[in-house]
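Me: Please take a close look at one part of this model, the open sheet together with the elements and loops around it. I would like one connected account, with the cut-offs behind each term.

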Amino acid sequence: MAKKLLKEGAGESFSVTAREQTSGRGRMSRSFFSPRDEGLYLSFCTEAKGDFLRFGALSALAVHALAEEYFKLDVRFKWPNDVVSEGKKLCGILPESVVSEEGKRYVVVGVGLNVFESAADFGALRDTATSARECCRNNDLICAFLQDKHGILLDMGVRLTELLARLAELTAGGEDFSEEYRSRLVTLGRKVRFSGEDGKPREGVAEDVTRDLALVVRTAEGTERVRWGEVVHLV
């Protein structure tokens, strides 16, 4: 829906939320578990200024601020833009580029944040996925939110839109968030597998991220910069 609205000239910056997704899609065209009124499913759209892949990764900072504000969670990131808590995936972020009928280029950042799911809801994914409800240690807070899940999710959608819009504005103005992003990146220091520029698999140790958030990996052959694609933690 967000892409359709953009192509029809919906405006400079807006978001679309859904109560559920029947065909949610994550990275590498994987399906995304998104049951009704259990998570925040939002697509934020704004004019692409600069590197839209970089903004997708930086969007994890907005999700961090949201999780801290509502659930007092101190989350971390897996490169480039997965948000994790207690070693499990809490939120997936997928940036895409769209061109409107007027020829303007926009970035659409899809956010799927697990909010109210229980461990049992994840089924076979329970060892790799989690929710804000599972990670929050404030039972009074959770009980209050469970009284009106739909209302809380709507409120969170408005707040996340505000956070993303402000982040987009500051990023377009040249603000550098790479240090803040790096400080929460659990990929650093890990042995990883990734695809080289020739498409062949490589392994190495993730050492750093650059200002444009490329991952710097030291392999047996030397140092490589990974700009996109799947990065798997091996240890």
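Reply: What follows starts from the whole chain, turns to the sheet, and then goes on to a helix and some individual residues. The model is a predicted one, in which local features need pLDDT of at least 70 and side-chain atom pairs count only at pLDDT 80 or more, while totals for chains, interfaces and linings use all residues. Residues are numbered from 1 along each chain as its sequence is written, and side-chain values use heavy atoms, with hydrogens and water left out.

The protein has 6 helices and 11 strands, these being DSSP runs numbered from the N terminus (helices are H or I of at least four residues, strands E of at least two). Of its 235 residues, 45% are buried, where buried means under 20% relative accessible area, exposed over 50%, and partly exposed in between, with a 1.4 Å probe and protein chains only.

The open sheet consists of 6 strands in the order 1-2-6-5-4-3, with antiparallel pairing; two strands pair if DSSP finds at least two bridges between them. Strand 1 (13–18) and strand 3 (76–78) are at the edges and have a single partner strand each, so one side of each is left without a neighbour in the sheet. From one strand to the next the twist averages 20 degrees, with axes being lines fitted to C-alpha atoms, for helices over the stretch in contact, and angles running from 0 to 180 degrees between N-to-C directions. Strand 2 (residues 39–47) and strand 6 (residues 105–114) run antiparallel and are joined by 9 bridges, and Cys-45 has Val-108 in strand 6 as its bridge partner. Helix 5 (residues 149–172) lies across strand 1, strand 2 and strand 6, and runs at about 30 degrees to strand 2.

The loop between strand 1 and strand 2 holds Asp-37, which has a positive phi of about 55 degrees although it is not a glycine. Asp-37 is buried, at a relative accessible area of 13%. Lys-72, in the loop between helix 2 (52–71) and strand 3, also is not a glycine and has a positive phi, of about 60 degrees, but Lys-72 is exposed, with a relative accessible area of 60%. Most residues other than glycine have a negative phi, and most peptide bonds are trans. The peptide bond from Trp-79 to Pro-80, however, is cis, with omega near 0 degrees, and Pro-80 is found in the loop between strand 3 and strand 4 (82–85).

Within strand 3 itself lies Arg-76, which counts as partly exposed at 29% relative accessibility. Leaving aside neighbours within four places in sequence, Arg-76 is in contact (heavy atoms within 4.5 Å) with Asp-82, Val-83, Val-84, Arg-184 and Val-186. The side chain of Arg-76 also makes a polar contact with that of Asp-74, at 3.1 Å; such a contact is a pair of N or O atoms within 3.5 Å, where within protein one must be able to donate a hydrogen and the other to accept it, and residues adjacent in sequence count only if both atoms are side-chain atoms.

Helix 4 (residues 139–146) has Leu-141, Ile-142 and Phe-145 as its buried residues. Seen down the axis of helix 4, these fall within an arc of 95 degrees, so they line one face of the helix, the arc being that of the directions from the helix axis to the C-beta atoms. Asn-139 and Asp-140, on the other side of helix 4, are exposed.
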